[in-house]
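Me: I have a structure open and would like to go through it step by step. Could you help me read it?

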Amino acid sequence: MMDNKVLAKKWWHNAVVYQIYPRSFCDANNDGIGDIAGIISKLDYLQQLGINIIWLSPVYKSPMDDNGYDISDYQDIAAEFGTLAEMENLIAEAKQRDIQIVMDLVVNHTSDEHPWFVEAKKSKDNPYRDYYIWRQPQADGSAPNDFHSYFGGSGWEFDATTGDYYFHQFSKRQPDLNWENSKVQAEVHNMMNWWLDKGIGGFRMDVIDLIGKEIDQKVMANGARLHPLLQEMNKATFGHRDALTVGEAWSATPEIAKLYSDPARNELSMVFQFEHITIGWHPQHGKWEPQAFDLIKLKKVFTKWQTELADNGWNSLFWDNHDLPRAVSKYGDTGEFRVESAKMLATALHFLKGTPYVYQGEEIGMTNVRFDSIDDYQDIESLNLYYERTAAGVPHEKMMEGIYANGRDNARTPMQWNNEINAGFSTAKPWLKVNPNYTEINVQAALNEPDSVFFHYQKLIKLRKEQPIMTYGQYIPLLEDHPDVFAYLRAQDDDRIVVLNNFSAKKVILSLPAEVQYIKGQSLISNYQSHHSLTDEITLQPYESFAVAYKQPVA
Ligand code: TEU
Ligand code: CA
């Protein structure tokens, strides 16, 4: 058995992070939009769940073109979310419950209403001009090149005042910052220290793999300057504080992830990689033409990341976030086996090596939504791509299926607190319609049901605190070619945990691998009442999932 090189222990190694999308979490002043006061009112609920970090999606001043991922003042709070005083109160109230607040750092771009951009647009020799990326039109007046925006259309927007185009990877109201400019780096470092001095626990870094872009070389992600920029940022801000930093890196491979998260490199704590997400996308049409679920492919991705980051890096573990469909809809069952499959997904993820992230509502098995009309949808990405793709000939029904499967609004319907009007999220009309299934799927019902998905998450989070093997044990895949079962071991000294997860609605007769035949162990968690004695063959119920701790018999 290969002994793990023991990583220097960090507080976030056995922490569990809860992501809050503030617009949809809880609306305390009943204007239809979630707010900071609403989050404070739910801190006891989060403490009961057992999480100790909240990743808070942006609450800064913003015109809300991209629901706050377009920031116009990094050091003030959007009025619809509350005030700076309320934000400081949230940090204090959370800390009293041993919960750290990790803020969302969105510095690949700002809002076009940020004072830096308002100035930059005024003239070519404005002191802020080079905070952004400007290029002259081509001879015929067209855009400098054929770059596309992630949110549809060209990545270049013409500015009539100065006759140049500016670059925007996302919406035209999210102009990319020019990270070659040392003034931009200094401004961002100062802002980060201002927040760290307020006692936040760290940062999630939005599309951080893009800040090293080299436009003229057509390099977007993983530019040569990316890691030097992160090492400078680490040194100038969070490096000398015990912060959690997680970079969103859609382009990351395990090799690249090591560059970010190898502690010896003094960059970040970990990254969000998305290979387990994009394997379900169409090679050409991406998320809009979802592919059939393939568990063997998914297992290969998990095994690759678990083994390659084992000893010199750190994994983040997640099914969901505010950009992704609900896990139980994408990987589980939303009908008869919704609860079993939601619990199975939780167990399958939380026993892996890394820091688990729970997205708001995942802990009660919230599902995707199917609104009748495109007009019920709000997300700029879905709307822009709906109109662009249908105008290009994609049938309405086909595009709607893509939105139903992978649209970002699936994760943004209001948190379902109870079965009262608007699911207890607000007494006003919510900014986005509530999922009609809130009458059955809500926090109140979950807290009243000892066997609910909530208490399964609570138990997993508690186990992570109690079982160091869950944090530091070696990951060993089992049954890698089984089409329905995701099985693996965690090993540390002579301690073992075996985790078996039936990812199907079928009963599965499973021949156990030799390593785990006839073991006598202690059941740590299960999503069915009955427990198996592990002989040589067992029958797994639909979506059955359990973990057993045992001592490795001395050979
Ligand atoms: O997302 C980055 C990003 O690329 C995703 O929007 C992704 O392209 C898409 O969701 C996959 O279909 C980050 C934030 O998480 C997202 O909410 C923002 O819209 C985006 O950056 C711009 O800040
Ligand atoms: Ca509100």
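Predicted model: local features only at pLDDT ≥ 70, side-chain atom pairs only at ≥ 80, totals over all residues.

Me: What volume does the largest pocket have?

Reply: The volume of the largest pocket is about 840 Å³. It is lined by 36 residues, and those closest to its centre are Y150, F151, F170, W281 and E381.

Me: Which helix gives the largest share of that lining?

Reply: That is helix α12, which spans residues 380-391 and supplies 4 residues of the lining.

Me: And how do the lining residues divide by class?

Reply: The lining of the largest pocket holds 12 nonpolar, 12 polar and 12 charged residues.

Me: Now to the ligand. Which residues come nearest to ligand 1?

Reply: There are 18 residues around ligand 1, and D66, D206, K287, D323 and R408 come nearest. Sorted by class, this shell has 9 charged, 6 nonpolar and 3 polar residues.

Me: Where does D323 meet the ligand?

Reply: A polar atom in the side chain of D323 lies 2.5 Å from an oxygen atom of ligand 1.

Me: What about R408 and E248?

Reply: In the side chain of R408, an N or O atom is 2.8 Å from an oxygen atom of ligand 1. For E248, a polar side-chain atom lies 3.2 Å from an oxygen atom of the ligand.

Me: How much of the accessible area of ligand 1 does the protein cover?

Reply: On its own, ligand 1 has 490 Å² of accessible area, and the protein covers 97% of it.

Notes:
Residues numbered from 1 in each chain as written. Chains lettered and ligands numbered in written order. Heavy atoms only, no water. Near = heavy atom within 4 Å. Polar contact = N/O pair within 3.5 Å; in protein donor to acceptor, adjacent residues only side chain to side chain. Areas by Shrake-Rupley, 256 points an atom, 1.4 Å probe, with all protein chains shown as cover. Nonpolar A, V, L, I, M, F, W, Y, C, P; charged D, E, K, R; others polar. 1 Å grid on protein atoms, 1.4 Å probe; cavity = no way out; pocket = protein on both sides within 12 Å on 5 of 7 lines; lining within 4 Å. Points joined across faces, edges and corners; volume = space filled by probe spheres on them. Helix = DSSP H or I, 4+ residues; strand = E, 2+ residues; numbered from the N terminus.
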